Amino acid sequence: MIKKLERRMLFTIMLFVTIVIAGLIAVITVVPALRDESQAETYLKELASEGVDRRDPPDDGVIPPADPAGSMPSSGANPFLIANAMVAQFDSAGKITAWRSDRTALYNESFITQAADVVLEKKADFGTYEGMYYLKEKNSAGTLLVLLDNSVMFTAQRRTLLISCAAGAAAWLAFLGLA
């Protein structure tokens, strides 16, 4: 009887600790995600206000980052300021009339068209699409679409959540193995 009571008490404590840790993990993941979303929307509006001023990005000899999934910025840096961004203007028929990108080697008209086909169909003017935040704005020339690559931050958030869940699962497996 004492063994059974001990097992119940241990189970109750493990359940309580799991609930508390799950709540902490939720706060640790949700709060930064909401903050990032707010910062991304502000930055996208800033990019949209600059508009599109050229058909093809110039080849200015600047070497772009190797790929969108580069490393995280140093502590204290605003990751959106170094994120890969693209702005495209579409006419009413959905054809690209102008575009610009800060990382010329990463984007081309084919990529923009493919992303636009999906994003322009969405009802929301702000949201995410395959690791990118997007913002759509109607203007006199048609629709302005701004994409901001956020795959590095999405990946970091997912990794943190996965590691936390794995640690919790390991603790439960150890408990069940000992019980």
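How many of the residues of strand β1 (residues 85-90) are buried?

Modeller: A word on the source first. This is a predicted model: local features need pLDDT of at least 70, side-chain atom pairs count only at pLDDT 80 or more, and totals for chains, interfaces and linings use all residues. Residues are numbered from 1 along each chain as its sequence is written, and side-chain values use heavy atoms, with hydrogens and water left out.

Now the strand. Six of the six residues of β1 are buried, so the rest of the structure largely encloses this strand. Buried means under 20% relative accessible area, exposed means over 50%, and partly exposed lies in between (1.4 Å probe, protein chains only). Strands (E, at least two residues) and helices (H or I, at least four) are DSSP runs, numbered from the N terminus.

Look at the side chains next. In a regular strand they alternate between the two faces of the sheet. Ala-85, Val-87 and Gln-89 point one way from β1. Met-86, Ala-88 and Phe-90 point the other way. All of them are buried.

Who are the neighbours? Strands of a sheet pair through backbone hydrogen bonds, either parallel or antiparallel. Here, two strands pair if DSSP finds at least two bridges between them. β1 pairs with β5 (residues 142-149) over six bridges, in the antiparallel sense. In β2, Ala-98 is the bridge partner of Gln-89, and Ser-101 is that of Met-86. The hairpin of β1 and β2 has five residues between the strands. There, Gly-94 takes a positive phi near 90°.

Step back to the sheet. It is open, has five strands, and pairs antiparallel in the order β2-β1-β5-β4-β3. β2 and β3 (126-129) are the edge strands, each pairing on one side only. From one strand to the next, the twist averages 20°. For such angles, axes are lines fitted to C-alpha atoms, for helices over the stretch in contact, and angles run from 0 to 180 degrees between N-to-C directions.

Helices meet this sheet too. Helix α1 (residues 2-50) lies across β1, β2, β3, β4 (132-139) and β5, running at about 40° to β4. Helix α3 (residues 109-119) packs on the sheet and touches β1, β2, β3, β4 and β5. Its direction makes about 110° with that of β2. Contact means heavy atoms within 4.5 Å.

Stay with α3. Its residues Ile-112, Ala-115, Ala-116 and Val-119 are buried. Seen down the axis of α3, its buried residues fall within an arc of 105°, so they line one face of the helix. The arc is that of the directions from the helix axis to the C-beta atoms. What covers the buried residues of α3 includes β1. The face turned away from that buried side carries the exposed residues Ser-110, Gln-114 and Asp-117.

One last residue, for contrast. Lys-138 is found in β4. Lys-138 is exposed, with a relative accessible area of 72%, whereas Gln-89 of β1 is buried. These two are 49 residues apart in sequence and 9.7 Å apart in space, C-alpha to C-alpha.
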